[in-house]
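Thanks for coming. I have one structure to go through today, and I will keep it brief. Here it is.

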Amino acid sequence: MDEYIKRTIIEFQKNEITEHIFYDILAKKAKGENAKILMKISRDELRHYHEWKKYSGKEVKPCKFTIFKYLLISKIFGLTFAIKMMEKGEEKAEKEYEK
Ligand SMILES: [Fe+2]
């Protein structure tokens with residue numbers, strides 16, 4: 001596999017596992033319907049991670065700094081704002097893939 005593609009896939013994997021952990025932490029802190037939704041998103045992100053893993057054949061660690069950053073943002077600006085910011089990051093990653 002092309003080295004650039006390999007690096008890009010690993011980058012995607014890192015984003016997915018980081019988002020998985022982020023949503024998991026939020027889900028555990030939330031209650032009721034919010035907790036259920038966040039847990040579902042967390043599981044979806046983990047599924048995306050495993051999809052990419054099929055191509056890379058590698059385990060990738062989450063970015064602790066990013067998790068910390070978004071948790072801090074969610075504390076200061078609220079959950080919705082932090083999630084929107086994080087999803088924008090994912091959109092950027094998807095655009096990279098379309099290139
Ligand atoms: Fe994802």
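**The pocket and the helix pair**

Helix H1 gives the most to the lining of the largest pocket, five residues. Helices here are DSSP runs of H or I, at least four residues, numbered from the N terminus. This is a predicted model, where local features need pLDDT of at least 70, side-chain atom pairs count only at 80 or more, and totals for chains, interfaces and linings use all residues. Residues are numbered from 1 along each chain as its sequence is written, and side-chain values use heavy atoms, with hydrogens and water left out.

Back to the pocket. A pocket is an open set of points on a 1 Å grid over the protein atoms alone, with protein on both sides within 12 Å along at least five of seven lines; lining residues have an atom within 4 Å of a point. Twelve residues line the largest one, and Asn 15, Thr 18, Thr 66, Tyr 70 and Met 86 lie nearest its centre. Two or more lining residues come from each of H1 (3-29), H3 (64-77) and H4 (79-98).

Now the pair. How do the axes of H1 and H2 cross? The axes, lines fitted to C-alpha atoms over the stretch in contact, with angles from 0 to 180 degrees between N-to-C directions, come within 8 Å and cross at roughly 160 degrees, H2 being residues 32-56. H1 is therefore roughly antiparallel to H2, a term for angles over 145 degrees.

Last, confidence. pLDDT is the predictor's confidence in each residue, from 0 to 100. The chain mean is 91, and 92% of residues reach 70 or more.

Methods. On a 1 Å grid over the protein atoms alone, a cavity is a set of points where a 1.4 Å probe fits but cannot get out, and a pocket is an open set with protein on both sides within 12 Å along at least five of seven lines; lining residues have an atom within 4 Å of a point. Angles under 35 degrees count as roughly parallel, over 145 as roughly antiparallel, 65 to 115 as roughly perpendicular and the rest as oblique.
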